[in-house]
Amino acid sequence: MRLDIVSIFPEFFSVLDLSLIGKANADGLLNLHVTNLRDYATDRHRTVDDTPLGGGAGMVMKPDVWGKALDEIFPEATLGDGERHVLIVPTPSGETFTQRIAEDLAGADHLVFACGRYEGIDFRVAQHYAERGVEVRELSIGDYVLNGGEVATVVMIEAIGRLLPGVIGNPDSLVEESHGSAGLLEYPVYTRPVNWRGQEVNPVLLSGDHAAIARLRRDQALEKTLRRRPDMIQALRPDQLDSDDRSLLARLGWCVGENGVRPLEIRELESGDVDRLHALAIRTFPDACPPFLSHEDIQQHLDTVLSPQSIHSWIDNPHVRVIGAFLPQNSAAPEGDHGGEASSDTGDGRTQAEQTAHGEQLVGYALVVGPRADGPIAEKCPKQLSDEHCSWAHLSKVYIDQKWRGSGIAAALIAVSADMASQMGATSLWTATSTANKRAAKSYKRAGMTKKGGRTYTVGTTTCRDVVMQMTLSSASPQ
Ligand code: ADE
């Protein structure tokens, strides 16, 4: 690649000799030329600027001087030679320079940086070279104003130059870095000593388990990006996120829908939420049922176990937690998919009653029954578990609206349920799900639950076989 820089401070660019860019220039990987703009001024004072036409503060760089300099850099013969010539004008009013732009410009044949000073370069210069077939890019390195384009040019050359083949010794280091193809900020890095001033590195990094190390780094990259650059998280495509990514994001308050990553809120439900929880409960329960259950059996369950009265009693019970996952309304309606069954007057498959005044939508819920609950809600702990000396909470329900399955919301609800179970004094959590519902068993397993035999469960008048799963809670803190 040929690089030209035009500036009234050519000495400024000796800094490039100190870096990998200087070495690449010396090794012939790129071909760097610096031109002093003043060499093209015609008067005794080598003037390159004049007052702005129309008045105003400061000085504007003269197009005639720039024209002479750039005509030498872009002789007629080079234009239309099939190569990509780009004139880059650093300016705070330009498009923001990003890693994507650096990658794009690294593919050009010839980059020319025109460093303006004062109020900038007469605009006709950019127009003229664009008309002659040069690709002109006005670029800003950030939302602040420098005294000229020189520092910005060094920044851009460094970012572009290191992407050229051969410039960086180990091209692997380009793969995982911040703003790379993963769309995330880079995870924190560590080296020896393993213990420094009382700070230990995560032992996983010393384990030699490459998959575990990759997962840890990915989790750290996601968390860091979320904290510092939520805009980058929102720009991720769903196909860039695996199920572990989705669970982590959902626990941190984001869920992955078909149109991207959106904010999510998980909180306890209140009596004002009963109507829409009832609506969600009745539209999600049938999907979890084994195929042999009759419509009547399912209806009987909906009319009793999932009635509004029953839901009220969950919410009013101090030994029970009902947890909801909410999406803001503008996130809650992925375009083109109105998979919900409820009749709609809101255009998103949900009735008005199912949305709050703030327009948030309930898309998932979990029900945790604490160790001190009694009455009909306190299902008997399966006997294979009750032998163990634990204080059991029951994860009685985790249901997610169909279109948000696979978004990580279930994992987040299970994690929050486990925390709430601990807070209610439980040391272990059990759940049971239909043997036919493989999807649910998989998501409990992913959340850290293990299978522990089975049980029977009655829906309407039919007895169903459930698989029982359990987990030990990490920090039991009785109330
Ligand atoms: N010239 C002055 N400020 C600048 C900025 N922020 N980016 C690029 N060029 C500039």
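Hi everyone, let me start with a pair of helices: α2 and α4 cross in a right-handed way, meaning that the near helix is turned clockwise from the far one by less than a right angle, with anticlockwise being left-handed. Before I go on, this is a predicted model, where local features need pLDDT of at least 70, side-chain atom pairs count only at pLDDT 80 or more, and totals for chains, interfaces and linings use all residues. Residues are numbered from 1 along each chain as its sequence is written, and side-chain values use heavy atoms, with hydrogens and water left out.

Back to that pair. Helix α2 covers residues 63-73 and helix α4 residues 124-131, and they pack at about 35° with axes 10 Å apart. The axes are lines fitted to C-alpha atoms over the stretch in contact, and angles run from 0 to 180 degrees between N-to-C directions. Helices here are DSSP runs of H or I with at least four residues, strands are E runs of at least two, and both are numbered from the N terminus. On the α2 side, P63, W66, G67, L70 and D71 make the contact, and on the α4 side R124, V125 and Y129 do, where contact means heavy atoms within 4.5 Å. By class, that is five nonpolar, one polar and two charged residues. Asp, Glu, Lys and Arg count as charged, Ala, Val, Leu, Ile, Met, Phe, Trp, Tyr, Cys and Pro as nonpolar, and the others, Gly among them, as polar.

Now the second pair. Helix α6 (residues 210-228) packs on helix α8 (residues 243-251) at about 40°, with 11 Å between the axes. That makes α6 oblique to α8; the roughly parallel class is under 35 degrees, roughly antiparallel over 145, roughly perpendicular 65 to 115, and oblique is the rest. This crossing, too, is right-handed. From α6, R215, R218, D219, L222, E223 and L226 meet D244, D245, L248 and L249 of α8. What is the make-up of this contact? Four residues are nonpolar, none polar and six charged.

On to the ligand. Residues around it include P90, T91, P92, L139, S140 and A152, each with a heavy atom within 4 Å. A backbone N or O atom of I141 sits 3.0 Å from a ligand nitrogen, and for Y144 that distance is 2.7 Å. A polar backbone atom of L146 is 2.9 Å from a ligand nitrogen.

Finally, two backbone details. The R192 to P193 peptide bond is cis, with omega near 0°, and R46 has a positive phi of about 55° without being a glycine. Thanks, everyone!

Definitions and conventions
Polar contact = N/O pair within 3.5 Å; in protein donor to acceptor, adjacent residues only side chain to side chain.
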